[in-house]
Amino acid sequence: MDRKTAIAALIKNAKDPVPGQKVTAGAFRPEDAPGVGRLFVQVYGEDYPVDDPYVPELLIEANKSGRIYTVVARAADGTVVGQGGVYQSSPPNRRMYEYGQILVDKAYRNTFAAFRIHKYASENMFGKLPNVDAMFGEAVCHHLVTQKMSRGVDFFECGLEVGLMPEEAYAGEGVSGRVSCLLHVRVDHDRQADLFVPECWGGQVRRLLPFWPLKRNVKQGGSGHVPAADEATDMAVQQFGFAGVTRCNVAEVGAQFAERVAQEIRESEELGHSLIQFYLPCGSPSCGYAAEVLRQAGCFFGGFSPLWFGSAGQGPDAVLVQRLLRPVGLAPIKTQSDAGAMVVRMVLEDMERAGREFGAPVGVPVPQAAAEQPESTQG
Amino acid sequence: MDVTGVDLKALLEEVGVKPEVARAVDPSGPLLRQGLDSVDFPSFCALLEERYGLRLDDEAALKLRTLNDFAAAVNGLKG
């Protein structure tokens, strides 16, 4: 079944759940697939960029193969009223999964459904999935719900994606300005590896490293380590049009890196995007060179992610570097932990530096309406 | 022996409520007006279930406002 046909069937057969039933969370079963699809239609309409949730066969196959581990919240009559997931997404490391996508049916938002999904995932999946070495999450910062759900389950704040999401994505929550997200990572299985700390962001990386018990040979990634002329740059580019974001995974730093960076920034500006991100591989001695190229291009420090590349390219770890492509208004950036506040501070300070030194665009806080922001149940 | 609101106050820190917030909680006042939020609330319910070996119904739990309410519910379910 193709996406269009599947969505048409979901809309045709959609039946709202009977409210007020007792809710329990559990692992996905094939018969849950249409219920999960119904939830995605309710929350995202037809616009969710991935086919899997809409097409039952694809979701069943993804869960069977271990590409996705879906958790569902079921009402007493078996109706799916919520879902969450651990799934492969952006990282080149296929053993680093994302945790999130917690959606709850509108009739069950005032229940503990989201909490029960999270509790099930943390007790039955975190650290227990055979093909998962690490997990990451992106917690929106205009409220604290997602950040607080990550506490106590060994996700550590290690980056800030400044102005990652457009305010339209949170329509109805009364938020103005682009929404930033805290990157947080949990590591379950690690092995010895080299870590070249880029000279220009050495202080930031070294402050984040102690969060995890990583086995690393930490070395200085000097900016003078220019890659050889015959080494090719391997950069995979993802465009997130709905968010106005370009994400570049630089698996290998090679010759023409600076030219590729300039090209990607230019093309992203032409697309009207707001943000471009570069994940640099820290297993390469040229990591410091690449970081300096980006710094000179007006980029600023975004974070450090262990195992982002894994065995791909010059991993395993990554430094996240980012650049705003135009001045943007930012929604409030709230943090629930001292570590989160420290990460936010170091990233925003470096953003200001990029503005001062290179005239790069920066984000500015947008005044909010006086009313308190409602807290979403969507992660 | 019956559980009291004061007994339950000691559990708030275990679900991540900041110590200064937990210490200031009045057992007879609504928790959501004393610094707890929509994440703390279900976490606290789950901890009570685990600690006292009982099952709180979501709908019923959402009607509990104060630590004293929770204590009464726990004592009722403990039989």
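Biologist: What makes you say that helix 8 of chain A is largely enclosed by the rest of the structure?

Modeller: Count the buried residues. In this predicted model, nine of the ten residues of helix 8 (residues 287-296) of chain A are buried, so the helix is largely enclosed by the rest of the structure. The buried ones are A:Cys287, A:Gly288, A:Tyr289, A:Ala290, A:Ala291, A:Glu292, A:Val293, A:Leu294 and A:Arg295.

Biologist: Why is A:Gln147 called buried?

Modeller: The cut-off for buried is 20 or more other C-beta atoms within 10 Å. A:Gln147 has 23 of them within 10 Å, so it counts as buried.

Biologist: Where does A:Gln147 lie, and which residues does A:Gln147 touch?

Modeller: A:Gln147 is part of helix 5 of chain A. Leaving aside residues up to four places away in sequence, A:Gln147 touches A:Ala139, A:Leu182, A:Thr335, A:Gln336 and A:Gly340. A:Leu183 is 36 residues from A:Gln147 in sequence, with 9.7 Å between their C-alpha atoms.

Biologist: How do you know that strand 6 of chain A is mostly covered?

Modeller: By the count of buried residues again: nine of the ten residues in strand 6 (residues 156-165) of chain A are buried.

Biologist: And what makes strand 6 and strand 7 of chain A a pair?

Modeller: Pairing takes at least two bridges. Strand 6 of chain A is joined to strand 7 (residues 179-187) of chain A by six bridges, so they pass as a pair. The two run antiparallel, and A:Glu161 stands opposite A:Cys181 in strand 7 of chain A.

Biologist: Let's move to the core. Which residues have the most contacts inside the largest nonpolar core?

Modeller: Those are A:Leu280, A:Ala290 and A:Val319, in a core of 130 residues. Both domain 1 (3-132) and domain 2 (193-365) of chain A give at least three residues each to this core.

Biologist: What does A:Val319 touch?

Modeller: Not counting residues up to four places away in sequence, A:Val319 touches A:Pro198, A:Trp201, A:Val205, A:Leu280, A:Cys282, A:Cys287, A:Ala291 and A:Phe304. A:Cys287 and A:Ala291 are among the buried residues of helix 8 of chain A.

Biologist: How far apart are the C-alpha centres of the two domains of chain A, and how many residues are in contact between them?

Modeller: The centres of domain 1 and domain 2 of chain A lie 32 Å apart. Across the boundary, seven residues of domain 1 are in contact with twelve residues of domain 2. The domain 1 side of that boundary divides into four nonpolar, two polar and one charged.

Biologist: Now the whole chain. Why is chain A called as compact as a globular protein of its length?

Modeller: First, the contents: chain A has nine helices and 16 strands. Its radius of gyration is 21 Å, close to the 21 Å that the globule rule gives for 379 residues, so chain A is as compact as a globular protein of that length. Of those 379 residues, 52% count as buried. Among contacts in chain A with a separation of 6 or more, 74% link residues 24 or more positions apart.

Biologist: And what makes chain B as compact as a globular protein of its length?

Modeller: Chain B comes to five helices and zero strands. The globule rule gives 12 Å for its 79 residues and the radius of gyration is 11 Å, which is close, so chain B too is as compact as a globular protein of that length. Its C-alpha trace spans about 35 × 25 × 20 Å along the principal axes, and 30% of its residues count as buried.

Biologist: How many residues of chain A are in contact with chain B, and which element of chain A gives the most?

Modeller: On chain A, 14 residues are in contact with eleven residues of chain B. Helix 4 (113-124) and helix 5 (145-149) of chain A are the elements giving two or more residues to that side, and helix 5 gives the most, with three. By type, the chain A side divides into five nonpolar, four polar and five charged.

Note on methods:
Residues numbered from 1 in each chain as written. Chains lettered and ligands numbered in written order. Predicted model: local features only at pLDDT ≥ 70, side-chain atom pairs only at ≥ 80, totals over all residues. Helix = DSSP H or I, 4+ residues; strand = E, 2+ residues; numbered from the N terminus. Nonpolar A, V, L, I, M, F, W, Y, C, P; charged D, E, K, R; others polar. Rg over C-alpha atoms; globule rule 2.2 N^0.38 Å. Buried ≥ 20, exposed ≤ 12 C-beta atoms within 10 Å, placed from the backbone. Core = buried A, V, L, I, M, F, W, Y, C linked by C-beta atoms within 7 Å. Domains from an automatic or database assignment.
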